[in-house]
Amino acid sequence: MSVMSSLMSIAPQKAIVEETGEIVNVEDVKLNTILAIKAGDTIPIDCIVVQGNSEVDEKTLTGESFLVPKQKDSIV
């Protein structure tokens, strides 16, 4: 298994739609859908923070596990 495949395998396959609370497959998330992501959750797909702030573990992106501060308009 390649490093990229290994990193992708730890990404969640489900996402929570903020408006309805519905749990959907990440493949079914439409552009401009707002997702609910709680502190400690793994971010399922590339997105932009629209509300709040937190620290994000970017190991699925960089392979290194350390926290990076994020706030409104941050790309995650």
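**Questions about a predicted chain**

Me: Which residues does S74 touch, not counting residues up to four places away in sequence?
Reply: S74 touches C47, I48 and V49, where contact means heavy atoms within 4.5 Å. This is a predicted model, in which local features need pLDDT of at least 70, side-chain atom pairs count only at pLDDT 80 or more, and totals for chains, interfaces and linings use all residues. Residues are numbered from 1 along each chain as its sequence is written, and side-chain values use heavy atoms, with hydrogens and water left out.

Me: Why does S74 count as buried?
Reply: Buried means under 20% relative accessible area, exposed over 50%, and partly exposed in between, with a 1.4 Å probe and protein chains only; S74 has 12% relative accessibility, and therefore counts as buried.

Me: What makes A15, V17, V24, V26, V29 and L35 a nonpolar core?
Reply: A nonpolar core is a set of buried Ala, Val, Leu, Ile, Met, Phe, Trp, Tyr and Cys residues joined through side-chain atoms within 4.5 Å, and these six residues form the largest such core. Leaving aside neighbours within four places in sequence, V17 is in contact with residues including V24 and L35.

Me: In which element is confidence lowest, and in which is it highest?
Reply: The pLDDT, the predictor's confidence in each residue from 0 to 100, has its lowest mean, 56, in helix α1 (residues 3-9), and its highest, 96, in strand β2 (residues 23-25). Helices (H or I, at least four residues) and strands (E, at least two) are DSSP runs, numbered from the N terminus. The chain averages a pLDDT of 85.
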